[in-house]
Amino acid sequence: EVLHFFVLCPLTVHSFSVIAAAVSGNLIEAVPYSGLSDVGASSFVFSDRTLTFKDLGSYPSDCFYIRGPNDDRYTPSSSVQWMFSTDQDCTVYLDFWSGQENYGFANWDAGWNLSARSGVQFGSYGPGIVYEKNFPAGSIELYGNEGDAQLPNVGTYLALLCPVHVLTVTLTATETATSTVSSTTSMSTTSTDANVIAVAASGGNVAVVALPALTIGDPSFSDRTFTFA
């Protein structure tokens, strides 16, 4: 039996571009997430508040953080609140730092999935839950948060846009002098900030493990008892 090992490494891709606009006409900007900090002007959470970050969460470094106006929190859920234009497919993360997922978002949450990302913290708020959804390159519209003026602590959600790097790899077993393997395994992977999702065309169990996380004694295959020595 011939045993095959494969290591996938992230690709270098062209830069990601985001243009942001608020329907309200209030100030909104897309700023590199990697440039945020907990000091100075780059630490502002909103474009119309002086609140600053305490913790930036766990988002990919090549994302854009949308520094928008908290006053847009009153936008009805049936109306577009923010619009974006991107030159690549992307994942949009919505960071609900104070329970906003129970307000306007609940009326337009179809297709959004709960994310494993950790949310930001600022002042006495966060981290809250995070939702995510993939969008193709082009126009993106996010609808209103529909906050209540009687609930001043319910501000608008936060948004981050992150490029989706797609790497498609076809792994084909070859004939050798000691064994012939006739099957072909195709693996389609999507990588965002070096995160990889793998699927075996055979339907077999396949998992992606970060190379630094492997240790002596860990399983080498999903369907064998071999271990790394």
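In the predicted model, strand E1 (residues 18-22) is paired with strand E5 through five bridges, and the two strands are antiparallel. Within this pairing, alanine 21 has methionine 83 of E5 as its bridge partner. Strand E5 is also joined to strand E10 (residues 138-143), here by six bridges and again in the antiparallel sense. In this second pairing, valine 80 lies opposite tyrosine 143 of E10. Strand E5 spans residues 80-86, and five of its seven residues are buried, so the strand is largely enclosed by the rest of the structure.

An open sheet is formed by six strands in the order E2-E4-E11-E6-E9-E7, with antiparallel pairing. Strand E6 covers residues 90-96 and strand E9 residues 129-135, and seven bridges connect them in the antiparallel sense. Valine 92 has lysine 133 of E9 as its bridge partner.

Confidence was examined for the whole protein and by region. The mean pLDDT is 80, and 74% of the residues reach 70 or more. Over residues 173-195, pLDDT stays under 50. For this segment the model has 53 contacts beyond four places in sequence.

Terms used. Residues are numbered from 1 along each chain as its sequence is written. This is a predicted model: local features need pLDDT of at least 70, side-chain atom pairs count only at pLDDT 80 or more; totals for chains, interfaces and linings use all residues. Side-chain values use heavy atoms; hydrogens and water are left out. Two strands pair if DSSP finds at least two bridges between them. Helices (H or I, at least four residues) and strands (E, at least two) are DSSP runs, numbered from the N terminus. pLDDT is the predictor's confidence in each residue, from 0 to 100. Contact means heavy atoms within 4.5 Å. Buried means under 20% relative accessible area, exposed over 50%, partly exposed in between (1.4 Å probe, protein chains only).
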